Amino acid sequence: MLEQHLAVLPIILPLIAAPLALILGRSIFSWGFATLVSGLAFLLSWQLLAAALSDGVLSYAVGGWAPPWGIELRVDAANAFVLLAVTAISTLVLVYSKHSIEKEVKAANHSLFYTAHLLCLAGLSGILITGDAFNLFVFLEISSLATYTLVSLASDRRCLTAAFRYLVMGTIGATFILIGVGLLYMKTGTLNMLDLAERIDLYDSSRTINTGLAFIMVGVSIKLALFPLHMWLPPAYTHAPSAVTAFLASTATKVAVYVMIRFIFTVFGIDHVFVDMGMGLILMALAVVAIFKCSYMATVQSNVKTVLAYSSVAQIGYLVLGLSLVSVSGLMASMIHIFNHALMKGALFMAVGAVFYRVGSVDIKDFAGLGRKMPLTMAAFTIAGLSIIGVPLTVGFVSKWYLVIAALEQDQWLVAALVLVGSLFAVIYIGRIIEAAYFQKLPESRSSENIKEVSWLMLVPMWVLVIANIYFGIDTSLTTEAANSASEWLFQTNSMLENKVMEGEVLEGHAIEEKAQEVSS
Amino acid sequence: MNLWQALEPAQLITLSICVPFVGALLVIATGKVPNLREAVTLITAAILLSLVLAITDYTFLGTTLELDVVELFPGLGISFNVEPLGVLFALVASFLWIVTSIYAIGYMRGHNEINQTRFFCCFALSISSVMGICFSGNLLTLFIFYEVLTLSTYPLVTHAGNDAAKQGGRIYLGILLSTSIAFLLFAILGTYALTGTLDFRAGGIFDDSHNKVVLSVLLVLFCYGVGKAAIMPFHRWLPAAMVAPTPVSALLHAVAVVKAGVFSILKIIIYIFGIEGLKDLVTTDVMLYIGAATIVLSSCIAMTKDNLKARLAYSTVSQLSYIVVGALLASSIASAGAALHIATHAVGKITLFFCAGAIMVASHKKNISDMAGLGRKMPITFAAFAIGAISIIGLPPMAGTWSKWYLAIGALETDKFIIVAVLMVSSLLNIAYLLPIPIKAFFSKPAEGAEPWRWSQTKEAPLPILVALTVTSGCCLAMFFYLQPLVDLVNLIPGVSTK
């Protein structure tokens, strides 16, 4: 009975739990409840990934209405993989957040925080699983609205302007996506992604479709903070509570990248987007500029959270670069990096949050001397930092390896060189912080303060991520297998669509997928 | 000599990497009891040497030692494959580790250094990664241990923890990490994209089907990517690393780290490009002359340095390029000379650094101009210094003669007369900046301003230091007469021969 509804549970569960967390009221109860729910969602997504890897696609008709009329949820290797990363990070962040938000969020707002977090989780899971373009917009708004709330919960009042800025930009992005989806609906009369894909191919060079594509791409680019539409991100990440930043940095933008992948590969088709509309070059250029500009910006900031925020924008450049290479290995590099980057940034922001918890500031100068006072936190920061730099035996190296190999496969030697050179900036911005922590003395003014290691409730999630950084850097079989089958899957559905149009054979959207599954098995 | 016959041969590789690693952990565990901690270091070093000797035995017997540890990427992972060149380097590093450990005990205590536990721990870790580099079976493994070596020596370079150490550490890490990521990793990935393999194979993995222009670019990337080889203009990190305590400068920045660099270049040229394949590339000559320029220029810079360790550092930069030049001459004799130079330069230069450290411990003098007349107070130290200097210059009866001899023959064979000239000029320059130091120490009077009250108290350095520098200077002498085992080992390298 439950197995049948497995696909919908990761959405429904946090969605129902969110108001309950508010009703529970007391901080400690809502914390325990939210963590439990998130942990359950993680177990469910583990099952979903296993099911998707063994059986291919799981389709679920919401409310029993058959697609394409009703809303369809589709779980395949690609989104189950990202869902696993999202729910895992969410659970770890929730464990971590108990102490962290006690310091950073007013006591009255604690249960509100857990409610918003669960809503955000529900929204993100929904975006990942849904097979319906309009439904995707709805979930995007659920997660975004929850995110604005989360950002504005910090006790530092500067978070309000950051949240407002984020709200304005986020809403513009959402509106663009809505307009785009509307245009597609106007032309094709359907909202189901597979149905859309099929009909878009029939109206190959329709101006309405192309305008829809443009709106959607710009809207999604705002959401994923692709350079130059990233200006909302650094202030939001800087001023949000640390637990929120850790969660958002490792999930929200990654999910937006997934949305872009979905729209390009499943809905519009790579030939349409990359060959006819020439978007590959645009994305590649923007990605490379993002890597260089934002990595540079990261090296000149004084607030460590801002440093990491700019680093995130630069890392998004790597993600977009991977998919702009239009190859199975390029897409695979992006998928792997979605997972890996979540591990690194989660760990880094958690370490920074721990520093804020003890020191009350995250300026680089306040990191001075922490290497001795908070050895475990700074060790975690150092290892995760090495991972961002891409030192071998960490996940960062694996990501970089696949991305550069993908670029070289396409004979893009220049791009490959730029990726490697761009990653050198990370040596500088991580190096500055580590140097401050280990080589500078604790300032006299602080020596009277009681700065010591944070509690295990913060250390355990941090170190789980750090160990994952190393484990998945050595044993890459899980990530590569999942990412590989995800990207092959995306390509297969795509090529099946292309073939079908060429042969003039009319197949229903779902028949195509079945055929793709036959081929893949 | 094989004390480990009961073991599966391939397990020796695992052990030779794990033993120093476990040693590092034990050093931390016994950190509270300095005597026990030093005993752990010495025992670990001795066990490691016996392991490497056993591996040498197998190499002479012709047994192949291979080991695949873990697969990082499909069909590509951490794997080890013992070949004669790696054995040579492992022998040098593990033997000198024992001597340096003895020396370090005397030095660190004599100098009252702080954080000695961290020092001995990181030292063992870097030796562990050097062993990984020696026995690496593919470029990926080499790269991984190369990076681990960089990171594990960083705390040693910044040991003093003051501003100078921080600045030195910044240059050290900056140059080594940047070159390895931007050039070496790029070259490795490029190689993988071209050939689909990264294994070290006799004769190289490139063949005629590969574009010569691309290969030429890769050669340059490899040469500069291995920043530890200190080819100009990426040599600055080596003088910067001299802020480290002297045992570090001695073992790591005269032997283990820098030799890991030139060893990597030599290994890449022999087993990735192939000595024959190198001849067709346009950039071979370019890099050859850049190497030759490095030899001469850094010798010239060395002459201007008054700080003894800085002078020795630039001398090392110059000597490293001997090996690079030997590799790039693309002749079997020159490659043999390059391989031998790894060993002969190691014993010579480590002696010089030991002496520099002994002088610092005994008289707290760093500058050469203050050392006039010091030879009468510290005769053993300066005699050892003279022996080491003569070996570096390449005069009989010291070990350095042979490697220089083979290098020069290789240059003559390939009609590269400029290189022959460079080698000779470099020897003259070496005489000019090394020999005056012991000569002045023995035959000059102390300068006017020297404090007489301290002067009368100066005597030889503590016993462990003297033991260590006597052993290494003895090696300089012994290896002139008894080099045959190493020559035999070098002759086992495919495509390399001293004949």
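1. Just after helix 9 of chain B, the residue B:Gly274 takes a positive phi of about 85 degrees. Helices here are DSSP runs of H or I with at least four residues, strands are runs of E with at least two, and both are numbered from the N terminus. This is a predicted model, in which local features need pLDDT of at least 70 and side-chain atom pairs count only at pLDDT 80 or more, while totals for chains, interfaces and linings use all residues. Residues are numbered from 1 along each chain as its sequence is written, and chains are lettered from A and ligands numbered from 1 in the order in which they are written.

2. Helix 9 itself, residues 246-273 of chain B, has a kink of about 45 degrees centred on B:Leu252, where the bend at a residue is the angle between axes fitted to the seven residues ending there and the seven starting there. Helix 9 of chain B is also mostly covered, since 28 of its 28 residues are buried. A residue counts as buried if 20 or more other C-beta atoms, placed from the backbone, lie within 10 Å of its own, as exposed if there are 12 or fewer, and as partly exposed in between.

3. Chain B as a whole contains 20 helices and two strands, and buried residues make up 62% of its 499 residues. A compact globule of 499 residues would have a radius of gyration near 23 Å, and chain B, with 21 Å, agrees with this; the radius is taken over C-alpha atoms, and the globule rule is 2.2 Å times the number of residues to the power 0.38.

4. Turning to the interface, 21 residues of chain B are in contact with 21 residues of chain A, a contact being two residues whose C-beta atoms, placed from the backbone, lie within 7 Å. On the side of chain B that touches chain A, the elements that give two or more residues are strand 1 (66-73), helix 5 (139-157) and helix 6 (163-195) of chain B. Helix 6 of chain B gives the most, with 13 residues.

5. Two cis peptide bonds in chain B deserve a look. The bond from B:Met232 to B:Pro233 is cis, with omega near 5 degrees, and B:Pro233 lies in the loop between helix 7 (212-225) and helix 8 (237-240) of chain B. The bond from B:Pro396 to B:Pro397 is likewise cis, with omega near 5 degrees, and B:Pro397 lies in the loop between helix 14 (379-393) and helix 15 (400-413) of chain B.

6. In chain A, A:Ala225 has a positive phi near 60 degrees although it is not a glycine, and it sits in the loop between helix 8 (207-223) and helix 9 (233-239) of chain A. A:Ala225 is buried, because 28 other C-beta atoms lie within 10 Å. A:Asp411, also not a glycine, has a positive phi of about 60 degrees and is found in the loop between helix 17 (395-409) and helix 18 (413-422) of chain A. A:Asp411 counts as exposed, because it has 10 C-beta neighbours inside 10 Å.

7. Finally, a word on confidence, for which pLDDT is the predictor's value for each residue, from 0 to 100. The mean pLDDT of chain A is 85, and 93% of its residues reach 70 or more. Over residues 500-509 of chain A, however, pLDDT stays under 50, and the model has 10 contacts beyond four places in sequence for these residues.
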